[in-house]
Amino acid sequence: PSSVALMQNMVRNEGIASLWRGTGIAIVTAFPSVGIYLTMYDQLKAKLVHVMNKDTMPLVAGGSARAVAVVLTNPLEVIRTRIMAERGSQGSSGWFAVTRTAL
């Protein structure tokens, strides 16, 4: 089936809100990641401007900043994935229950 047919089926069976299921959790995990990335990127660019070539500096700063952001926010991603998997199988127990079992 096409994407449109799947969306129509979701809306028909679960309501229009089903198209945005999981958006809140995704936003909660995205904000820290983006905040860490942008802060680290700016800091690294400022430090590397005197040491590196202008052509490779953004690549090194961006790659390093993204790596730090991923490492620091990985626990949030694990919790988000478990919540989404639990919702799909048996219904959600909430953030606290999933966090307790994830950690």
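Contact means heavy atoms within 4.5 Å. The model is predicted: local features need pLDDT of at least 70, side-chain atom pairs count only at pLDDT 80 or more, and totals for chains, interfaces and linings use all residues. Residues are numbered from 1 along each chain as its sequence is written, and side-chain values use heavy atoms, without hydrogens and water.

**Exercise 1.** Describe the surroundings of T29.

Step 1. T29 belongs to helix α2, residues 23-48; helices are DSSP runs of H or I with at least four residues, numbered from the N terminus.
Step 2. T29 has a relative accessible area of 2%, so T29 is buried, which means under 20% (1.4 Å probe, protein chains only).
Step 3. A polar atom of the T29 side chain lies 2.9 Å from the backbone oxygen of A26.
Step 4. Leaving out residues up to four places away in sequence, T29 touches L76, E77 and R80.

**Exercise 2.** Is S18 buried or exposed, and which residues does S18 touch?

Step 1. S18 sits in the loop between α1 (3-14) and α2.
Step 2. The relative accessibility of S18 is 5%, so S18 counts as buried.
Step 3. The S18 side chain reaches the backbone oxygen of G15 at 2.7 Å.
Step 4. Beyond residues up to four places away in sequence, S18 touches M10 and V11.

**Exercise 3.** Which residues form the largest nonpolar core?

Step 1. A nonpolar core is a set of buried Ala, Val, Leu, Ile, Met, Phe, Trp, Tyr and Cys residues joined through side-chain atoms within 4.5 Å.
Step 2. The largest one has seven residues: Y37, Y41, L48, M57, A61, A65 and A69.

Technical notes:
Helices (H or I, at least four residues) and strands (E, at least two) are DSSP runs, numbered from the N terminus. Buried means under 20% relative accessible area, exposed over 50%, partly exposed in between (1.4 Å probe, protein chains only). A polar contact is a pair of N or O atoms within 3.5 Å; within protein, one must be able to donate a hydrogen and the other to accept it, and residues adjacent in sequence count only if both atoms are side-chain atoms.
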